[in-house]
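Here are a few notes to read with the model open beside you.

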Amino acid sequence: MKLNWLCLFLIFQMNLVFSQVPPVSPFQTERIDCFALIHADLYIKPGVVIKDGTLVFRGGVITGAGSGIPIPDEARVIDLTGKSVYAGWIEPAALNWTKTILPPGTTLKPRKWNPNIQPETSVFDFAVPDEKIVGKFRSAGFTTACFLASDGLLRGESAVLDLGLQGSGKDAVPAPPAWSLSLATPSAGPDPNSEMGAIALIRQTFFDAAWYESRMESWKKNPGANQLPAQDAALERLIRATKTKPAFFCVTTDELQIPRFERLAAELGFSPVFVGSGMEFKWLKSAGNFPKHPFILPLNFPKAPDVSSPEKALNATLEELLEWDFAPENPALVRKEGFPVAFTTRGLPDGSAFLSALRLAVQRGLAEPDAIRALTETPAALLGISKTHGSLEPGKTASFFIATGSVFSSETVITDLWIKGIKITGSSDLPAEPKGTYGRATGTNLVSISGSGSGTRITLDRERKSFSISQVKLENSVLSGSFRSDSLGKPGISVISLSAEKTGLDLTLLWPDGTSETEFLPARSDSASTLVPAEKQPVEKASFPLTFPFGAYGREGSEPEQPSAVLVKSATLWTAGPDENREETDLLVQKGKISQIGKNLKAPAGALVLDCRGKHVTPGIIDAHSHTAISNGVNETGQGVSAEVRIGDVVDPTDISIYRQLAGGVTTSNLMHGSANAIGGQTQIVKFRWGQPAENLKFKDAFPGIKFALGENPRQSNRYDNTRYPKTRMGVYEVIRDEFIRAAEYKTAWEMWKKNQDQPKPRRDLELEAISEILDGKRGIQCHSYVQSEILALIRIGDELGFKVKTFQHILEGYKVAGEMARHGAGGSGFSDWWAYKYEVIDAIPYNGPMMEQEGVVVSFNSDSDELARRLNTEAAKAVKYGGVPPEKAIRYVTLNAAINLGIDHLTGSLETGKDADFVIWDGNPLSTFSRPDQTWIDGRLYFDRKQDKADQEKIDRMKKALIQKILNSGVPMEKISKDKITRPKMNRCLEVYDETGLITRGDLK
């Protein structure tokens, strides 16, 4: 009962004010209503500085700012000679500045069926600002913050607060609410548990809101004829939100999520503001004509990789080294591309770290006016508070800070903070950080101080012994640290503090036995003035140009040049088509298409001629079953059916496996959802156009597919929790049968509505929409399968309900049912010679492929593995060994037959006129284990060249050596990697499931 009364009280209070943090009693507060700050450098707004200016404010509002401003008689005058005044910084995306106020599990409002959808809530329904965290950043000049909700995928309303008198009722800033979106795997609820699942849920929720609104309108027009839909607070709030066209703050965890959010925004009709990861520079080369939406960038630059030993230096990857080198230039690079930029404190521990990072960003190329703009004007505009915040102009709120000089100097100290005309912290007389040497010529102690901030170094000389002080901290103008004092006859750790005075330092030493001593140390004549800045060291810019993908083998330019014509001369052509193998034959490519095949062809003017005498040319290899280049989960396992998810939403163009597979001759791949569901997600066929963004990898005219799965995997026999339906093989089939029955009813509902649109519009269901496309012959089933009984059962369900299986994948018992497969019209894409790796494949034999082909099944061999995909040519050779397939037919197992299995054989898969110029030049017979691709071409563009690869390897080695030396020469702190942070290389397979850290937690190999 007491808890209920507490909850009601909290609800009532939060309706009155946004925050319930008690008044901050330690702070000074000024009672005078009118102030005039004189003789200050006023940073009115970015690029506008008034020297020796006057700032007048009354009642918390600025009334005058500039030179020659009249001072009211009643004003309290404060002389700020030699000091600077800046408009208070604005934090536009405070994600971790709150603390929970209700017990876990307590809810205050209706929730949607999926707890990751909660647009109807407010950030302060369950939390309030955490004064400890706010105080850490108030010291860096932050006076206002937008608090974003941090739970779920589609999150609740934000709130903007001034950071002064929390709990007074005056801290809330009138601002339109904003919502935030996330694609990170959420911790709440059973699903989604993949990034593609998160995207699908957000997409479906927006469509549901539109449907809900149309149903409400129908009911209002004719209550008697239409049923009132069940109330949904989440959808109602989302409808109201979308009508005002608000900004949605899209919180990214990596740079690949930027274009994914952009596509969602364009599809669903909202305006994105990207809350960045700090790695945006890795994406910039692929940005192209990307809309200039704003970025809120963190300044939590990564530490240098640990290269302190030869072993650690060898383990540091080029990408890690380049990330360290480029990250401080991220703000400058993003701004240079024309994107509006604001800054967030996300990922930083306190204000001191923020100011250090801000200064580093300026040193690394960001213009000072742009840095100020990123903390004032831009966040004010994003939050809709530009009329009251963001500058020192008359009419704006008197929220500002005072510093001892330019805020971008490491010598500058922020001394005072004023919020809404009230000074809440600091003293205008705080001295700057001391520098130089202190002590009497005949004294006991001599102290030398150099550096600043986190780089401050202190040396204590005592009794002809020198001690380097560790754990140096600066708090309220007092430097402190510790040192081991055994050699002074005082065994243990002693503590030192140094307090700056005008003419020297007050030194206090606390010895291990608890005794202490104090001494005043005057500034030595050879000491630098306490206010003279240390000599600035030159700051090196990033050592190498940006590439995409970022890191090894990335491209500096855009896609490879497409010559108007390419003539391949005198090669042995493995056409995989009607002509089969042809020796000493030419291949002419024009505008990315094969235009002619024959002997002694003439090269058109300007053609690139390749002398391939003694070499072999095949069509580009096609992998009909792959999980390469899929981000953050290949399975969406929350439900037995996940037909609404799309692999195309999460294609990763930076996966190094793309480049490695190009080196093995692979040009096209069928990226598939995993096998954890009876009906999985929609597939995506891609061409491996390395160096292009995700959308450019997609095979635009490819036949759409969807993943089905039979056997152990969809019933989750290997999952430790095993709580999801179905749990049996017969349950798998009932799931599939039920889904097609529902899809048929779904189709009928839409057909009836199209005939009579006076009726309520059906709800658009992305899951059933995909299944309906199968019934309409517009999407093909790619079915993971092993056991003959299950294969036959799915064929019977297809015959019963009117759908066809395009291809049975894995299909290691296909030889037992090949006749039924051929009658049904299904292809078979399996492994060449895999067997007995689990009981489900105990009957697999290496003759499976040729035996299916003899029965009329179109057979292909696939990889289902990033590693095996690099040598699919030798997998095809196994059809020669096991089954006696002629070599010219065997090559089709990884070219034309794979294209047929995927429904793209009219475009690629063989060397025939009119088809895409996807081909591979081999240095020998492509079915030999000794042969390697010399070049791999896609659409008449050279995407892999072995000679260039060798040069790139040497370049990568030089880059690594240079960056390691740069780290060692800089003396910067290095990242210490603990064992629990070590990750293994990504190798996506069928049944892998990811936890919230992105690490594989469970799953078998196939």
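**Notes on the model**

1. Let's start with Asp916, which sits in the loop between helix H21 (896-902) and strand S43 (919-922). Keep in mind that this is a predicted model. Asp916 has a relative accessible area of 7%, so it counts as buried.

2. What does the side chain of Asp916 make a polar contact with? The partner is the side chain of Lys687, at 2.7 Å. Leaving aside neighbours within four places in sequence, Asp916 is also in contact with other residues, including Gly592, Lys593, Ile594, Phe699, Leu907 and Asp939.

3. On to the rings: the structure holds 42 aromatic pairs. One of them is Trp97 with Phe147, edge-to-face, with 6.1 Å centre to centre and 75° between the planes. This pair links distant parts of the chain, 50 residues apart: Trp97 is in the loop between strand S6 (89-94) and strand S7 (98-100), and Phe147 is in strand S9 (residues 142-147). Trp97 is buried at 0% relative accessibility, and Phe147 is buried at 0% too.

4. Another pair to look at is Trp283 with Phe295, which is tilted: 6.1 Å centre to centre and 45° between the planes. Trp283 lies in the loop between strand S14 (271-275) and strand S15 (295-298), while Phe295 is in strand S15, 12 residues apart. Trp283 is buried at 4% relative accessibility, and Phe295 is buried at 1%.

5. Ring pairs also join Trp97, Phe124, Phe137, Phe142, Phe147 and Phe354 into a cluster.

6. Last, two lysines over rings. The charged end of Lys490 sits over the ring of Trp511, 5.0 Å from its centre. Lys806 lies over the face of Phe703, 5.9 Å from the ring centre.

How values were computed. Residues are numbered from 1 along each chain as its sequence is written. This is a predicted model: local features need pLDDT of at least 70, side-chain atom pairs count only at pLDDT 80 or more; totals for chains, interfaces and linings use all residues. Side-chain values use heavy atoms; hydrogens and water are left out. Helices (H or I, at least four residues) and strands (E, at least two) are DSSP runs, numbered from the N terminus. Buried means under 20% relative accessible area, exposed over 50%, partly exposed in between (1.4 Å probe, protein chains only). A polar contact is a pair of N or O atoms within 3.5 Å; within protein, one must be able to donate a hydrogen and the other to accept it, and residues adjacent in sequence count only if both atoms are side-chain atoms. Contact means heavy atoms within 4.5 Å. Rings of Phe, Tyr and Trp (its six-membered ring) pair if their centres lie within 6.5 Å; planes under 30 degrees apart count as stacked, over 60 as edge-to-face and the rest as tilted. A charge sits over a ring if NZ of Lys or CZ of Arg is within 6 Å of the ring centre and within 35 degrees of the ring normal.
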